[in-house]
Amino acid sequence: MCSPENPRLRVVIAGAGIAGLTAAIALRKHPLIDVQVYEQAPELLEIGASIALGPNGLRTLERLGLQNAISNEVCYRGPSNLPMIYRHWKTGEVIGNDKHDNVNERLHRTARYHRGHLHGALLDNVPKEMIHLGKKAVGVDVFGDGVTLRFEDGTTAQADILIGADGLKSAVRQFFVPDFKLLWSGWTAYRTCFDASLTKSIPNLPEDSIHWWGTTTSFFSSKLGKNSYTVVGSIFVDPDDPSAQLKDAEWDEKASVQAFRDLFTDWNPVVKALAEVTPSVRLFPNFSCAGTLDSWIFGNRVVLIGDAAHAHGGAHATGGSLAIDDAYALSLALNSVFPVTATQKPSTEQISKAFKVYERTRKPHAEKLLKLVHSNNAARIAKLRAGHVETDDELRVRASKGSNTNWLHEHDVVKTFEKTLGAYKETGDDFQEAKARL
Ligand SMILES: Cc1cc2nc3c(=O)[nH]c(=O)nc-3n(C[C@H](O)[C@H](O)[C@H](O)COP(=O)(O)OP(=O)(O)OC[C@H]3O[C@@H](n4cnc5c(N)ncnc54)[C@H](O)[C@@H]3O)c2cc1C
């Protein structure tokens, strides 16, 4: 209901990944918001790797009406309904599993995708003319009542709000926090997707997604949607060891498939056979942020979502769902200060309120994960440096405990948002008192 003198709220998003596209989908439902997405890549080609979404991300996609992105046509859910099964690297015995706590709908159960298929399903819900390709963000200028995003090609985009959704190596984040550092955890993954028909002749191939656990090496195998199959072989080394294997691996670098197969020659026959049919692999070193950001908000006009806000290296297969929930929480927060009946654009104070409510909804949750990622990595590195080699018994005990991450995978972003908004209404700008109750 903005009047002609009070035009629509202009939102610019840097990055057309999972976070950026979900934010665009959520915000374009608002009749008074104009959204434009700027992506550095000249074409939208997703890397040939898999991604899992947990119940939290799937429920949020459903709330956004994205049935096409959660249906069994596009992703795979195994017959056991267990989100993860752990098998022994050598014997193939099941030595642990994760379970859903409170997930009744099949469509909300952990789903596995070729990343390109998930990305494509999101893209189907964003008009082509909203996405501007070949636009690499390099700088930002914030004014009192607006923001300009600058691109490498010398062009700019003006808006009322900029959302930095430009991933792990976010240029928007780096512009405001130039000393922000990413650290290699010591994990590097060989990843690939291929046609599931290649696995047909493998005897005893489980139908479920399986994490085959060794001590410093692991193997993940799963069917994906659209008759795809994925394997991921990960190795862990001391990141400070100058002679460590794969130390200089580049992100998405083509790797030797033979080197990948060699890692698994002594493993269970199913793993060995899967490695043998794998046609090619690429490397993905695992990076996460060295610390945490003091704030995800800059100049009351710029806000970060997804990996740009909380780079965590993909731990616990939760980055996609976190990105989706961030985007949704931000849209709820903006709606709370700018209802569809608004007669004018939100003021800087209202935008600031929306950003604070969004940040308070998401940051403590993301930081709990980052703390876990950092402490797990530190513990692994310490053991390695102490020369401790995990025994078979220790491996089995570790697997039997499962991942204990339902607080992540079944997190209810709407409930947390509502609590946060309520706390804001009670205490105004000062969350300190209300924080204790969240
Ligand atoms: C090895 C690995 C495995 C993973 N596995 C899983 C998994 O199984 N499940 C899961 O949920 N998560 C997983 N993740 C994490 C997940 O991929 C990310 O958390 C998720 O993609 C975050 O989405 P995003 O939109 O923030 O970032 P991205 O998906 O990385 O999107 C960022 C977008 O911004 C663009 N961009 C970058 N810089 C600029 C710029 N300067 N200007 C304009 N555009 C720019 C990029 O090209 C990209 O399109 C994994 C991550 C890694 C590293």
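**Close-up views of helix packing and the ligand site**

**View 1. Helix 1 against helix 9.** In this predicted model, helix 1 (residues 18-27) packs against helix 9 (residues 319-337) at an angle of about 30°, and their axes lie 8 Å apart. That angle makes helix 1 roughly parallel to helix 9, a term used for angles under 35 degrees. Axes here are lines fitted to C-alpha atoms, for helices over the stretch in contact, and angles run from 0 to 180 degrees between N-to-C directions; helices are DSSP runs (H or I, at least four residues) numbered from the N terminus. The crossing of these two helices is right-handed, meaning that the near helix is turned clockwise from the far one by less than a right angle. Ile18, Ala19, Thr22, Ala23, Ala26 and Leu27 of helix 1 make the contact with Gly320, Ala323, Ile324, Ala327, Ser331 and Leu334 of helix 9, where contact means heavy atoms within 4.5 Å. By class, this contact of helix 1 with helix 9 has nine nonpolar, three polar and no charged residues.

**View 2. Helix 1 against helix 4.** Helix 1 also packs with helix 4 (residues 115-123), here at an angle of about 20° and with the axes 9 Å apart. Helix 1 and helix 4 are therefore roughly parallel to each other, and helix 1 passes helix 4 in a left-handed crossing. On helix 1 the contact is made by Ile18, Leu21, Thr22 and Ile25, and on helix 4 by Arg115, Leu118, His119, Leu122 and Leu123. These residues divide into six nonpolar, two polar and one charged.

**View 3. Helix 9 against helix 13.** Helix 9 and helix 13 (residues 413-427) pack at an angle of about 35°, with their axes 10 Å apart, and the crossing of helix 9 with helix 13 is right-handed. Asp325, Tyr328, Ala329, Leu332, Ala333 and Ser336 in helix 9 meet Val413, Val414, Phe417 and Leu421 in helix 13.

**View 4. Residues around the ligand.** Among the 30 residues around the ligand (a heavy atom within 4 Å), those that come nearest are Ala19, Glu39, Arg115, Asp307 and Gly320. A polar backbone atom of Ala19 is 2.8 Å from an oxygen atom of the ligand, a backbone N or O atom of Gly319 lies 3.1 Å from a ligand oxygen atom, and a polar backbone atom of Ala317 is 3.3 Å from an oxygen atom of the ligand.

**Notes.** Residues are numbered from 1 along each chain as its sequence is written, and side-chain values use heavy atoms, with hydrogens and water left out. Local features need pLDDT of at least 70 and side-chain atom pairs count only at pLDDT 80 or more, whereas totals for chains, interfaces and linings use all residues.

Conventions. Parallel < 35°, antiparallel > 145°, perpendicular 65-115°, else oblique. Nonpolar A, V, L, I, M, F, W, Y, C, P; charged D, E, K, R; others polar. Polar contact = N/O pair within 3.5 Å; in protein donor to acceptor, adjacent residues only side chain to side chain.
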